[in-house]
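Let's take a walk through this protein together. Keep the sequence and the 3D view open side by side, and look up each residue as we reach it.

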Amino acid sequence: MTESIYIPAIAGDGSLYPIEKMQAHLDGQLHLAVSVFVFDGDLLLIQKRATTKYHCAGLWANTCCTHPHWAESVEDCAERRLTEELGFTVPLTRHQTVEYAADVGQGLKEHERVTLFSAHVDKRTLRIEPAEAEVEDVRWIAPVELLQEVRERPQDFTPWFRIYLQRFPGLSFLEAA
């Protein structure tokens, strides 16, 4: 049996309340999330989600993303998830917050208010240790190549990653830091 995880959902008045993560996705309830983008120069570290993930399994996504646990800050959440999924910690820069909604399959819907984070590293010295249950593969890619791949094979990428790339061609959200 899987442990219930409660995440911060957003009420109509803007206040937060705890909701079970799976229920938020079944209902398409607006909730908080984080997305992390790790760069070496202009190369972005992307991950292929493990085939055992409950949605968007086997699809390419940004470096990592998740939901804060109830009462966890978005900063702590981003740091936690980077370590859990990829086995490293680096200083993160907080950027803007965006909202999106997307069908992610199996009757699940994402409706997220996402805080974007970035980091800049030297990939030659970065030790990446992907968690097998979370990440099938990782690779570094230039934004121009990434956009071309998404145009040619959108089905290989998660809905939220495609939305970010559509809203921020060249990952221009970094300019709004």
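Helices and strands here are DSSP runs (H or I of at least four residues for helices, E of at least two for strands), numbered from the N terminus. Before we set off, bear in mind that this is a predicted model, where local features need pLDDT of at least 70, side-chain atom pairs count only at pLDDT 80 or more, and totals for chains, interfaces and linings use all residues. Residues are numbered from 1 along each chain as its sequence is written, and side-chain values use heavy atoms, with hydrogens and water left out.

Let's start with a loop. Ala71 is in the loop between β6 (64–66) and α2 (74–86). Most residues other than glycine have a negative phi. Ala71, though, has a positive phi, near 75 degrees, and is not a glycine. Is Ala71 buried or exposed? With 73% relative accessibility, Ala71 counts as exposed; the cut-offs are under 20% relative accessible area for buried, over 50% for exposed and partly exposed in between, using a 1.4 Å probe and protein chains only.

Cys56 also has a positive phi, of about 55 degrees, without being a glycine. You'll find Cys56 in the loop between β4 and β5. Its relative accessibility is 7%, so Cys56 counts as buried.

One of the residues in contact with Cys56 is Arg49, where contact means heavy atoms within 4.5 Å. Arg49 sits in strand β4 and is buried, with a relative accessible area of 7%. Leaving aside neighbours within four places in sequence, the contacts of Arg49 include His55, Glu134, Glu136 and Trp160. Thr115 is 66 residues from Arg49 in sequence, and their C-alpha atoms are 20 Å apart in space.

Now find the two helices α3 (residues 143–152) and α4 (residues 159–167). They pack at an angle of about 120 degrees, with axes 11 Å apart; axes are lines fitted to C-alpha atoms, for helices over the stretch in contact, and angles run from 0 to 180 degrees between N-to-C directions. That angle makes α3 oblique to α4, since under 35 degrees counts as roughly parallel, over 145 as roughly antiparallel, 65 to 115 as roughly perpendicular and the rest as oblique. Which residues make the contact? From α3 come Leu146, Leu147 and Val150, and from α4 come Phe161, Arg162 and Leu165.

Next, the inside of the protein. The largest nonpolar core has 29 residues; such a core is a set of buried Ala, Val, Leu, Ile, Met, Phe, Trp, Tyr and Cys residues joined through side-chain atoms within 4.5 Å. Phe37, Leu44, Leu116, Leu146, Trp160, Phe161 and Tyr164 have the most contacts inside this core. Among the elements that give two or more residues to it are β3 (31–40), β7 (93–105) and β8 (108–120), while α4 gives the most, with five residues. Take Leu146 as an example: apart from neighbours within four places in sequence, Leu146 is in contact with Leu44, Ile46, Ile141, Phe157, Phe161 and Leu165. Another core, of 18 residues, lies apart from the largest one, and includes Val34, Val38, Cys77 and Val135.

Our last stop is Leu126, in the loop between β8 and β9 (135–141). Leu126 is buried, with a relative accessible area of 17%. Not counting residues up to four places away in sequence, Leu126 touches Phe88, Val90, Val121 and Trp140. The C-alpha atoms of Leu126 and Ala9 are separated by 34 Å, and these residues are 117 apart along the chain.
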